[in-house]
Amino acid sequence: MTAVKPSSVRVEPSRGAAARLLDTNGVEISGVRGKLTANAPLAPLVWFKAGGAAEHLFEPADADDLAAFLRALDPATPVMALGLGSNLIVRDGGVPGVVIRLGKPFAKVVAGADHTLTCGGGASGILVSSTARDTGIGGLEFLRSIPGTVGGFVRMNGGAYGRETAEVLVSCDVILRSGEPRTLAASDLGYSYRHSKLPGGAVVVAATFRGHAADPANIQTEMDRIAASREASQPLRSKTGGSTFKNPAPEFSGGHKAWELVDKAGCRGLTRGEAQVSEKHCNFLLNTGAATSADIEDLGEDVRRKVKEATGVELEWEIQRVGLSADAAPTKVGNA
Ligand SMILES: Cc1cc2nc3c(=O)[nH]c(=O)nc-3n(C[C@H](O)[C@H](O)[C@H](O)COP(=O)(O)OP(=O)(O)OC[C@H]3O[C@@H](n4cnc5c(N)ncnc54)[C@H](O)[C@@H]3O)c2cc1C
């Protein structure tokens, strides 16, 4: 693993992995209760199990703590939220600035009036959908099959089986990069296919979803159907990032989905190092062993090129690619 080049964040490494947050005058900022780690490896925290370290990883104690942290942080320091890393390639040179990870304090799901569920930004899709079932709220079954967090669903407009987050989201609470808390309605997020206009650096700390009254037994049946269909079609126990490319608009692709174009271009099973296009679902890339993130990303680019040559369609990445390549980050930071 290569460590990242230091950016302007003012964090002083100390013994062990803990670090102290300093303001721009070098004075320690007190009152931040979360855990700040310098040079924190991200590979264990993402599905591909590849990539470099976060220059700093911050795990806030609660939303107020995150707001205080962001207010105190040098405004020039880049900030990125991390969910379960199920839609991410973290490049091998790591991520400069601060990566924010929402842990247990953000993992609660509570049912409210009018078939709503209020969910922490770090709650998993399985917890959201199973709480919906237990409280007789239908319409959220699709979240059962997306292995991410509420924050990731809101940012990515996660969807499956004909439904997407934009249809069920009422509003979300975010902490802007400046540290200012805001509540945004779904209509503020400019949703389109697997995309939102959530402001850069904003962290979703909670979201409210609305479903409809339904019988828990029927909800369970639908969740079981979705789980079985997933199991049959996707490499769920592999090191992967889910769908690699967005399905192109039908007018550009003759109605073909991304996986069909990848297949047509002869890319099923294609490899680069220990990265491979899945044989089971060829819009999934796999780390079959010790692939680097460069292997995975370069394989994706190979596929895009071959699809363009074979079909004329330019596939667009759905997976988010973040951080620096290995050769851009020669300096070791911190003491992890
Ligand atoms: C096996 C498999 C199957 C999948 N199937 C589907 C599917 O059917 N449909 C689908 O839509 N996706 C699918 N995905 C992709 C992925 O699960 C979704 O994109 C999911 O929404 C990502 O959530 P995450 O919390 O893991 O986000 P991450 O992968 O950690 O991050 C993705 C993006 O969201 C941002 N983000 C994460 N948390 C927050 C937050 N709290 N606040 C603000 N921004 C945040 C990150 O900065 C990044 O830009 C699949 C992935 C896998 C591995």
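The model is predicted, and local features need pLDDT of at least 70, side-chain atom pairs count only at pLDDT 80 or more, and totals for chains, interfaces and linings use all residues. Residues are numbered from 1 along each chain as its sequence is written.

Reader: Which strands stand at the edges of the open sheet of four strands?

Author: Strands are DSSP runs of E with at least two residues, helices are runs of H or I with at least four, and both are numbered from the N terminus. Strands pair if DSSP finds at least two bridges between them. The order is S17-S20-S19-S18, with antiparallel pairing. Each edge strand has a single partner strand, so one side of each is left without a neighbour in the sheet: these are S17 (239-243) and S18 (271-272).

Reader: Why is H2 described as roughly antiparallel to H5?

Author: Axes are lines fitted to C-alpha atoms, for helices over the stretch in contact, and angles run from 0 to 180 degrees between N-to-C directions. Helix H2 (residues 125-134) and helix H5 (residues 216-233) have axes 8 Å apart and pack at an angle of about 150°. Angles over 145 degrees count as roughly antiparallel, and H2 is therefore roughly antiparallel to H5.

Note on methods: Angles under 35 degrees count as roughly parallel, over 145 as roughly antiparallel, 65 to 115 as roughly perpendicular and the rest as oblique.
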